[in-house]
Amino acid sequence: MKTAALAVFLVITAFLPQAKMRLRPVIASCCFSYPAHHLSLDQVSSFKHTDKRCPERSVIFLTKNGRQICADPKKPWVQDLIDAL
């Protein structure tokens with residue numbers, strides 16, 4: 001009986017790390033709305049594209065004061081700002 005219990009314990013603990021890895025939350029930065037105003041080059045320090053798992057592909061600009069601003073990558077001003085960076 002002890003041997004069977006030990007075997008079950010070993011099997012469970014062997015798969016526990018893999019189960020934990022699958023249960024980790026995936027954090028993705030997604031945009032759900034865009035501001036009405038345009039950003040200028042002197043306001044922005046960098047940009048990144050949203051994760052592929054987001055429902056809508058967007059651009060996230062990081063401003064020099066630390067804010068993250070979403071933008072529509074199809075807009076000409078957004079494309080111009082990306083090119084300038």
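Two parts of a structure are in contact when heavy atoms lie within 4.5 Å of each other. In this predicted model, helix α2 lies across strands β1, β2 and β3 and runs at about 60° to β2. The three strands form an open sheet, and the largest nonpolar core has 10 residues.

- The order of the strands in the open sheet is β1-β2-β3, and their pairing is antiparallel.
- Strands β1 and β3 stand at the edges with a single partner strand each, so one side of each has no neighbour in the sheet.
- On average, and with direction ignored, neighbouring strands of this sheet are turned by 25° against each other.
- Five bridges pair strand β1 (residues 44-49) with β2 in the antiparallel sense; V44 has T63 in β2 as its bridge partner.
- Strands β2 and β3 (residues 68-71) also run antiparallel, and they are joined by four bridges.
- Across this second pairing, V59 has A71 in β3 as its bridge partner, and F61 stands opposite I69 in β3.
- A hairpin is formed by β2 and β3, with four residues between them. In its turn, G66 has a positive phi of about 90°.
- Strand β2 (residues 59-63) is largely enclosed by the rest of the structure, because four of its five residues are buried.

**The nonpolar core**

- In soluble globular proteins, nonpolar side chains tend to be buried together.
- The largest nonpolar core here consists of L39, V44, V59, F61, I69, A71, W77, V78, L81 and I82.
- Elements that give two or more residues to this core are β2, β3 and α2 (76-84). Helix α2 provides the largest share, with four residues.
- V44 is one of the core residues. Leaving aside neighbours within four places in sequence, V44 is in contact with L39, F61, L62, T63, K64, L81 and L85.

**The aromatic rings**

- A pair of aromatic rings is described by the distance of the centres and the angle of the planes.
- The structure holds two aromatic pairs. In one of them, F47 and F61 have ring centres 6.3 Å apart and planes at 55°, so this pair is tilted.
- This pair links distant parts of the chain, since F47 belongs to strand β1 and F61 to strand β2, 14 residues apart.
- Is each of the two residues buried or partly exposed? F47 has a relative accessible area of 30% and is therefore partly exposed, whereas F61, at 0% relative accessibility, counts as buried. The reasoning rests on a cut-off: buried means under 20% relative accessible area.
- Through ring pairs, F47, F61 and W77 are linked into a cluster.

**A loop residue, P35**

- P35 is placed in the loop between α1 (2-23) and β1.
- With a relative accessible area of 28%, P35 is partly exposed.
- Which residues does P35 contact, leaving aside its neighbours within four places in sequence? The contacts of P35 are I69 and C70.
- P35 and D72 are 37 residues apart in sequence, and their C-alpha atoms are 9.4 Å apart in space.

Terms used: Residues numbered from 1 in each chain as written. Predicted model: local features only at pLDDT ≥ 70, side-chain atom pairs only at ≥ 80, totals over all residues. Heavy atoms only, no water. Buried < 20%, exposed > 50% of the residue type's maximum accessible area, 1.4 Å probe, protein only. Pairing = 2+ DSSP bridges. Core = buried A, V, L, I, M, F, W, Y, C linked by side-chain atoms within 4.5 Å. Axes fitted to C-alpha atoms, helices over the stretch in contact; angles between N-to-C directions. Phe/Tyr/Trp six-rings, centres within 6.5 Å; stacked < 30°, edge-to-face > 60°.
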